[in-house]
Amino acid sequence: MDIFGNLLLGLSVAVSPINLAYLFLGVLIGMIVGIIPGFGPAAALAVLLPVTFGMEPTSAVIMLAAIYYGSQYGGTITSILLNTPGESSSVAATFDGYPLAQQGRAGPALVMQAVASFVGGTLGVILISVLAPAFSQVTRSFGPPEFFLLVVMGLCTLIVMVGGNWRYGVISALVGFALGTVGVDLETGNSRFTFGSAELIEGIDFIPIAIGLFGLGELYYAFYTGLHASGSGGVVQYQKERRFWPTLEDFVETRMALLRGSLLGFVIGVIPGAGATIASLMSYSMEKSASRTPEKFGKGAMAGLVGPEAANNAASSGAMVPLLTLGIPGSAATAVLLAAFLLWGLTPGPLLMAQKPEFAWGLIASMYLGNVALLALNVFAIPLFVQMIKLPYRLLAPSVILICTIGTYSVHGSIVETWLMFAAGLVGFFMKRYGFSPAALVLALVLGPLAEQSLRQSLTISGGSFGIFVERTASLWILAITVAVLALGILMRRASARG
Amino acid sequence: MRAGFLAGVLAAAAGYTWLAFAELAWLSSAGRLGPGFFPRIIGVSLVALCAFSLVADRRAADEALSPFWRTTLALAALSALFVAALDVLGGLLSMIAFMAASLWTLNRGRHLQNAALAIALPVCLYLLFRVWLNAAVPRGMLGLPF
């Protein structure tokens, strides 16, 4: 079947009333999650996973995916009105979004960010529709060496590109790998690090760890930095502005930034480990370099808001490519999505699009509709979200802890896992405080079993020779991309160190 | 504190590595790579990197303690008490108790708002998880129906 045929099949799945209802619920929750600082999509997806247990698999994944890309829209509203990014990927939006709001252009900034998010998200989904089937064909030839190298590439990219101390990033990933080895070794049947506990035989479930690290840990850190005391008094009163809608000049000026941001974001999103934050920051640098008036950047340049916004939304679409075609998540949030797929008996990988076309294309088609719904929500429901920004953090925080705790317990009805979530919350707090990477830990925990299995299989095939990792063209390509990304990351770090 | 955290990770990594060498074989009985292969590599790398970081960062100064550390500690302690209470009081009562205690700590003086939120949110969550989704919510030891 061709792309249009597949898309029509997907649309027929996505437009069923129940799927549309869950899609709309998902984008709404995603917007809210994006607005709440210190509570990201990874934690939200992990907490809401048990809520989807009673749903049809396709409806559940459509809703969870909508929360994921919807959060990219919501995070920017607080960046523009409060100078506080709701998500790390919305940091770049504070550089010019908040100055625009201070100049009395909050309305146009909010509308333009919604348009940019829509264009980036939609272009990203168009590119998925075109490239994912081709990607799927290519990756069918991948064997254990390629899968091992992809895991290594994802973690290296995450550690080098996100910044901070690279040693702490590697330590975080190694801890994740170590936790992933707990339980029964699938090849030999030996128990490892279980200490005779029946709870540990199946290994450490990453849902409590993800909820702890990204839910509780982030929240404790937000309190530690005084977010609850800062209040929402600084919210720009955009309703008092004379002009809410952007001018034609705004659109004309930023049309190339929209396109550049979308394309760059998608490419960055496809690389496992890079993600929306990197995409938005790179787009900001690119727009500043390409601008004829770089001195306006940081003082309210519309292109400085629009480019990164398009980029982070395109990146969140791009991240679906390795997830759907390889089963390799590029971020903590997509790792939770992978867990959702597996819970529903859907194994992402090269054969998913061929074997479950109604699911894969239903999800892709729902992303088109989701972006339209998000555009409408962003433009017409801004007053509602502004009211949410004004909700005091001291009231939100206990509510989030409540949802995290009950959500964790409800997955398996296990009090041990609830304690594990609490412990992960404390560890997550210290990791944030000292510059470690909770995302690398979670990603390594999820990908650890795949990394171990593919490494052992590769070395068994080659009789113990590491030469197998440079024998095939696909392996060499992955290695070349890894080296290129690492070099880029190192250059970015040096540039950042020079200010 | 940073050194303390790193030392804690190093100690855990050392224990993990020791177990990987002591209890898990490098090769399986069939002569293939065994259950200890991957954990040994991970363990040794982790110990080496933690030890190196401890030495390399020994002079790195810790940031000053935030003025909000007491609030953070109180919130963490309340979270721990909440988890501990789940098995005793059951889901609904522990949720109400946790919300009441944390709102009393964080949102002082607004008794009506706190009381309304401390009851409404737990009841809604209980209805969502237990009644609508039929998901597991702790029963507790008191034998209460919720």
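**Questions about a predicted two-chain model**

Biologist: Good to see you! How many residues of helix 12 of chain A are buried?
Modeller: This is a predicted model, in which local features need pLDDT of at least 70, side-chain atom pairs count only at pLDDT 80 or more, and totals for chains, interfaces and linings use all residues. Residues are numbered from 1 along each chain as its sequence is written, while chains are lettered from A and ligands numbered from 1 in the order in which they are written. A residue is buried if 20 or more other C-beta atoms lie within 10 Å of its own, exposed if 12 or fewer, and partly exposed in between, with C-beta atoms placed from the backbone. Helix 12 of chain A is mostly covered, and its buried residues number 17 of 17.

Biologist: And how far does helix 12 of chain A reach from its first C-alpha to its last?
Modeller: Helices (H or I, at least four residues) and strands (E, at least two) are DSSP runs numbered from the N terminus. The expected span is 1.5 Å times one less than the number of residues. Helix 12 of chain A covers residues 302-318, 17 residues in number, and its reach is close to the expected value, at 24 Å.

Biologist: What is the radius of gyration of chain A?
Modeller: The radius is taken over C-alpha atoms, and the globule rule is 2.2 Å times the number of residues to the power 0.38. For 499 residues, a compact globule would come out near 23 Å, which agrees with the value for chain A, 22 Å.

Biologist: Is A:Phe195 buried or exposed?
Modeller: A:Phe195 has a positive phi near 50 degrees without being a glycine, and sits in the loop between strand 2 and helix 8 of chain A. In that loop, too, is A:Phe193, which counts as buried with 20 C-beta neighbours inside 10 Å. With 8 other C-beta atoms within 10 Å, A:Phe195 is exposed.

Biologist: Last one: how many nonpolar residues are on the side of chain B that touches chain A?
Modeller: Two residues are in contact if their C-beta atoms, placed from the backbone, lie within 7 Å, and 52 residues of chain B are in contact with 50 of chain A. Helix 3 of chain B gives the largest share of that side, 11 residues. Ala, Val, Leu, Ile, Met, Phe, Trp, Tyr, Cys and Pro count as nonpolar, Asp, Glu, Lys and Arg as charged, and the others, Gly among them, as polar. By class, the side of chain B that touches chain A has 3 charged, 12 polar and, for the nonpolar residues, 37.
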